[in-house]
Amino acid sequence: MRIRTLRLLAATAACAVATTTLAACGSGGPSRGGGDTLSVWVYQDGSTVIQEEFVEKFNETSDIKIDLVQIPGDNYTDRMRTAMGSPNAPDVFFNWGGGSIADFVEQDMLVDLTPILDEEPELKDAFIPTILDAGAVDGRYYGIPMRGVQPVILFYNKTAFAEAGVEPPATWDDMLHVIDVFLDRDTVPAVVAGADPWTELMWLEYLLDRRGGAEIFDRIRNGDASAWSDPAVRWMADTVKELVDAGTFGNNFRSVNYTADGASTFFAQGGGVMHLMGSWEYANQLSQQPEFAAEDLGWAAFPTVPDGTGDPGALVGNPTNYWSINSEVEGERLDAALDFLRMHAEPEYAQALIDNGDIPTTANAESLLDSHASPEFARFQYDMVAEAPSFTLSWDQALPPGKAPALHDNIEKLFGGQMSPEDFVAAMQDL
Amino acid sequence: MTTAPRRRTGRPGIAWAVPGLLFFLFFAAAPMLIVGYLSFTQWDGLSNPSWTGTDNWDRLWNDDTMRQAIALSLLLTVLTWLFQTPIALLLGVWAAGRQRTRALLSAIFFLPLLASSVALALLWKTIFDPNLGLNAQIADWLNLSSADLLGSPRGAFAAVLFVTAWQFIPLHTLLYQGGARQIPQSLYDAAALDGAGTVRQFFAITLPQLRNTIVTSSVLMVVGALTYFDTVLILTRGGPGDATTIVPFLMYRTGFQAFDLGYASAVATALVITATAVSLLLVRLTGFSKMRSTREGI
């Protein structure tokens, strides 16, 4: 009896642990609204209060009520994706556009909003065009912008720069000079959270964009893997290696994290003086280290690079987030869902975003910026976005989800010195 | 061994096993069968799974990432056993003593058992921060140029080994403590009369008497190490690069980041088969199946 029990125990233990992860995926959301409700899924974070407010407002007048489901951030992508393949799919859901919805588009699971935007120019023109385009798939629109803009910005420590007698870099020569100056002062020139490869990705995105223009990644994102062999890609990888070897990011950066505030705290304490990060870094510093945010935190655009053909005003990052509608929503419920989406083009929604510290994506939001908690930062960011000739979506969001893990691995290896620039380029072609 | 006729009275009937059996069928056997089926399909989680025969298995056989993951998993398992067993054994035997200080210290040692692995991994991740964490201090004292533990492939692997050991040694200590307390005092008294010292007593009495406990603890350790997941997910995310991408993490990454659920199922099935085989082999090799009592002649 004892052997058999033990064997069973051993076998069960092995199986249970191994299969739980895969089997637990069927965790149910609320069942499909049907009838007279719409289930709307949103990524839960500091901005969700706005969704709560506007859903409530919508439900006051509409016969078809919205049931807002908030999914904690870390699990959002898994949960949404799994639910879309099940009968518990959301009717309207939050996404990043591009690669995050490409598979749904391929399966005809989303409502194509292009004809609606063509019919209603006032809706289409309400948004900054580059933002609307950044979420499109194969030139067709499936999403309406619903959050603030999130461009990647070069944050720097104003006080440290003033003490060292340098200005934020406008050209690559300036950048190399700034790096030398701070290396001489035993300060890490640029903070990078190497444990979260998407922060390293931001350097690659800007370097490639400035050197070869936004077209290169545009080709890649449209499935042309040969664009990885463009000389600008190799230059980008070589430049990263030079930066790492020079000590630009310090000698510890590979285990610095962003998600547990490792990088931002180090930056605020003056350990490093530049931080290339999404615009959310401002709000993050404001809540974590308010004194630093008020006294020392400066911001600038990414510098130009030698022989760069890219527009110096081009941006990378997350243009915004979008609402998309499940194609199974029809008739009256579809009308209601569209009405809900239209609310996001209204000035009241833009004002709510500003009150929350975000910069809206609507074209006429400029007059509202003065009511932002930091009008100076708001204006800088809004102008940057409104004037940008292109706004490239983060590569890991723009590419199909199957490619993101390998992309992150390769980036981590390039920064970590485990992969040469040459091998990196080859690995990206095989992505 | 005597084969006395079993008394049938007082033994619970098979009906008592039904709830447990049903639970096992629904939550372990059925998912396992489905995963087995999915391993022969191509499935992105959205459309219907399409049958692709043995494509996933052929790919599994020739996949360099999978090979590396298997090597890392096996290495982690062996090192886990080598690292945890001696410490847990010694601590457990020591904690088996009835002295009050030992009871108090044991209670403290067992604390990590009570926390969730995710919370522990998050805690250790903060401790390992190279600029703000405790290891920045330690590197400072030791005059090391870098505290980049999680940033180097070996360092990250060592960190996973260390954190899981720190977390699971208490469980195995508890097993050994229980085992050691079962050893009759008369054996030690007799040995003392024969002039055996503490060390001799440990090797001649304690260790042989704990044989069955060692097997139990080893099976749990090996199966546990083959299926470590949460610590890796939080602490290193399989990185840097793929330096700590062990098989269970590769399965998660393939299934829930790349949404290649067919291939992920093949990885999962391979893992189930391997872990089951290894634990059965372990039971057999250690002679556990011969079921010799450690108390013969007492």
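## Residue classes and the second largest pocket

Ala, Val, Leu, Ile, Met, Phe, Trp, Tyr, Cys and Pro count here as nonpolar, Asp, Glu, Lys and Arg as charged, and the others, Gly among them, as polar. On that basis, the lining of the second largest pocket in this predicted model comprises 10 nonpolar, 8 polar and 11 charged residues.

The volume of the second largest pocket is about 680 Å³. Its lining counts 29 residues, and those nearest the pocket centre are A:Gly402, A:Ala406, B:Arg59, B:Thr65 and B:Arg253. Three helices each contribute at least two lining residues: helix 20 (404-416) of chain A, and helix 3 (64-95) and helix 12 (247-257) of chain B. Helix 20 of chain A gives the largest share of this lining, with 5 residues.

## Enclosed cavities

A search of the whole structure returns 6 cavities of 30 Å³ or more. The largest cavity holds about 100 Å³ of space.

From chain A, the lining of the largest cavity takes A:Ala195, A:Arg254, A:Ser255 and A:Glu412. From chain B, the lining takes B:Lys125, B:Leu150, B:Leu235, B:Thr236, B:Arg237, B:Gly239 and B:Pro240. By class, these lining residues are 4 nonpolar, 3 polar and 4 charged.

## Domains of chain A

Chain A is split into domain 1, formed by 30-149 + 319-386, and domain 2, formed by 150-317 + 400-429. The centres of the two domains, taken over C-alpha atoms, are 29 Å apart. Their contact draws on 17 residues from domain 1 of chain A and 14 residues from domain 2 of chain A.

Between them, domain 1 of chain A and domain 2 of chain A bury about 1,300 Å², with 64% of this area on carbon and sulfur atoms. On the domain 1 side, the residues losing the most area to domain 2 of chain A are A:Phe377, A:Phe380 and A:Met384, which together account for 40% of what that side buries.

## Annotated spans of chain B

An unreviewed UniProt entry assigns the annotation "domain: ABC transmembrane type-1" to residues 70-282 of chain B. Over residues 70-282 of chain B, the model is 76% helix and 0% strand, and the end C-alpha atoms are separated by 18 Å.

Under "transmembrane region", the unreviewed UniProt entry lists residues 21-40, 69-96, 103-124, 156-176 and 261-283 of chain B. Residues 21-40 of chain B are 90% helix and 0% strand, with 27 Å between the end C-alpha atoms. Residues 261-283 of chain B are 100% helix and 0% strand, and the end C-alpha atoms of this span lie 33 Å apart.

Definitions and conventions: Residues numbered from 1 in each chain as written. Chains lettered and ligands numbered in written order. Predicted model: local features only at pLDDT ≥ 70, side-chain atom pairs only at ≥ 80, totals over all residues. Heavy atoms only, no water. 1 Å grid on protein atoms, 1.4 Å probe; cavity = no way out; pocket = protein on both sides within 12 Å on 5 of 7 lines; lining within 4 Å. Points joined across faces, edges and corners; volume = space filled by probe spheres on them. UniProt positions renumbered as here; feature names shortened; annotations may be inferred. Helix = DSSP H or I, 4+ residues; strand = E, 2+ residues; numbered from the N terminus. Domains from an automatic or database assignment. Contact = heavy atoms within 4.5 Å. Buried area = accessible area lost by both parts, 1.4 Å probe.
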